[in-house]
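Subject: Structure for your files

Hello,

Please find the structure below. My notes on it follow.

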Amino acid sequence: MDAQTIIARRIAQELRDGMLVNLGIGIPTLVSKFVPPGVRVYFQSENGLIGTGAPPAEGMHHPLLTDAGGKPVSALPGASTFDSAMSFGLIRGGHLDMTVLGALQVDAAGRLANWMIPGKMVPGMGGAMDLVSGAKRVIVGMQHTAKGQSKIVRQCSLPLTSARPVDLVVTELAVIAFPGGRATLLETAPGVTVGMVREATDAELAVAERVCTMAL
Amino acid sequence: MKTILLKDAAALIPDGASVMIGGFMGVGTPERLLDELVRQGKRNLTVIANDNALPGIGIGKLISAGAVRKTIASHIGLNPETQKKMLAGELEVDLVPQGTLIERIRAGGFGLGGVLTPTGVGTVVEKGKQRIEVEGKPYLLETALRADFALVQAFLADYIGNLYYALTARNFNPVIAMAADTVIVEADNIVPVGVIAPDQVVTPAPVVDYILSHT
C-alpha cells in the first residue's frame with residue numbers, strides 16, 4: 001500500500017454516519033474513496049456545495065458545478081448549493097464536524113502551518129484559516145517527511161494557519177494526537193516500530209501506554 | 001435597472017476603479033465583461049474577488065493584461081502570473097482568509113462597520129488589527145469592504161433585474177451585488193418577469209443597476 005493510500009484509509013476510519021466533512025486538496029481528497037460501508041457523510045466544498053460527489057462520466061461535466069479547486073464534480077441526491085457567506089458560516093459556526101487538511105509543518109503542540117513559505121510560495125490561505133479555527137475536529141493528512149526532513153517539528157518556522165491546535169495527525173508511519181498540548185504517538189503503520197517513528201520525527205514525541213497498529 | 005451594451009458597460013468603469021468580481025476559480029465569473037475590460041485597455045484597477053483564477057480564465061485575463069494594480073483575494077496560488085507580478089512589485093496583493101473576505105464584503109453591503117471573527121487570531125493576519133474579547137473569547141475586528149463596481153454573473157436575470165444563480169457559480173456573486181455603488185450583471189439567460197418565482201429570487205431587482213444585453 002502506498003503512503004497516500006495508508007493515510008487516506010486511516011483517516012476515513014474517523015468518519016461517522018451523518019457527519020458534515022470538508023476535505024482539502026491533495027491527500028485529503030483521497031479520503032472520500034475509502035468511506036467505510038454503512039457510513040453516510042456529507043462532503044462540503046467551500047465554494048458552496050454540500051453533497052459533493054465523484055466527478056461525472058467524461059462528457060457529462062457541468063461547467064457550473066465544481067469543487068474548490070475548480071474541478072468538475074457531481075452533486076449527490078440531497079445536495080445543496082449556497083453562497084460563500086453561507087459556506088463559511090457553516091465552517092466557522094460550529095456546523096462542520098470535521099476537516100481534513102494537508103500540512104507543511106505541525107509543531108509539538110499540534111499547531112499547523114500550511115499556507116505559505118515566505119519568499120518562495122505565497123498561494124494565500126484560501127479557506128484554511130477559517131477551517132482550522134471553526135471545524136469541530138481538525139485532522140491533518142500528510143507524509144511524515146519532506147525531502148528527508150520531519151514535518152512534525154519542535155516549533156513551526158513557517159507562518160501558522162491558526163493558533164488552535166489540530167486534533168489528529170495521520171502520516172504513512174503514524175497516528176499522533178496532542179493531549180495536553182504534547183505530541184503523542186497513538187498508532188504505527190503495519191511494519192513500523194515506535195523507534196522508526198521517533199527517528200523520523202523532529203518534535204519530542206510522547207508514546208501512548210498502548211501503541212496500536214493501524215487497522216487498514 | 002437598465003440594459004446596457006457590453007462596450008458601454010465596460011466604459012462605465014474608469015481606470016483606477018475598485019471592482020468586485022464574482023467567481024471561484026473562474027466559475028461564476030462574468031467573462032464577456034472581463035474580456036471587454038481587457039479590450040478597452042483598463043489600468044490600475046483594484047480587484048476584490050475570491051481568487052485570481054488561472055491565466056486565460058476569468059480574472060486571470062485582467063492580471064495578464066496588466067489591468068490590475070491591486071488585488072484583495074484569499075487565494076492566488078493557481079495563477080503564476082499573479083505570483084510573478086507580486087514578486088516583481090508590479091501588483092499589490094492583500095491576502096485575506098476566505099471566510100473573512102466574504103464577511104467583510106457582506107458587512108459592506110449590509111450597512112455594518114465590520115465583523116468580529118476568530119479566524120486569524122494568533123497568526124500574521126492579526127497584524128495591525130484590533131483584538132476584541134467577547135465573553136472571554138478573542139476575535140479580530142475585520143472592517144467592511146465596498147467597491148465602486150460589482151461585476152456579477154447570474155444564471156437567470158428577469159427583465160427587471162431579479163437574479164437567480166446556478167450551482168457553485170453562486171459563490172461571491174449575491175454578496176458582492178450588495179456591496180458596490182454600481183452593480184453590473186452578466187446573465188446566462190434573460191427571462192420574462194415571473195419566470196423566477198418570488199421564493200427563488202436570490203438577488204432582488206432593486207439592487208441591480210445594469211444588465212448586459214445579449215447583443
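How many helices and strands are there in chain A? There are five helices and 15 strands in chain A, taken as DSSP runs (H or I of at least four residues for helices, E of at least two for strands) and numbered from the N terminus.

This is a predicted model, in which local features need pLDDT of at least 70, side-chain atom pairs count only at pLDDT 80 or more, and totals for chains, interfaces and linings use all residues. Residues are numbered from 1 along each chain as its sequence is written, while chains are lettered from A and ligands numbered from 1 in the order in which they are written.

Confidence: the model has ipTM 0.96 and pTM 0.97. For chain B the mean pLDDT (the predictor's confidence in each residue, from 0 to 100) is 97, and 100% of its residues reach 70 or more.

Chain A: the C-alpha trace spans about 50 × 40 × 30 Å along its principal axes. Its radius of gyration, over C-alpha atoms, is 17 Å, which agrees with the value near 17 Å for a compact globule of 216 residues; the globule rule is 2.2 Å times the number of residues to the power 0.38. Of the 216 residues, 45% count as buried, meaning that 20 or more other C-beta atoms, placed from the backbone, lie within 10 Å of the residue's own.

Interface: 33 residues from chain A and 37 residues from chain B make up the contact, where two residues touch if their C-beta atoms, placed from the backbone, lie within 7 Å. On the chain A side, α3 (84–92) and α4 (128–134) each supply at least two residues. The largest share of that side, five residues, comes from α3(A).

B:F172: where does B:F172 lie? B:F172 is in the loop between β10 (163–164) and α6 (173–176) of chain B. B:F172 is buried because 32 other C-beta atoms lie within 10 Å. Not counting residues up to four places away in sequence, B:F172 touches A:S84 as well as B:G22, B:G23, B:A49, B:N50 and B:I102.

Regards

Notes: A residue is buried if 20 or more other C-beta atoms lie within 10 Å of its own, exposed if 12 or fewer, and partly exposed in between; C-beta atoms are placed from the backbone.
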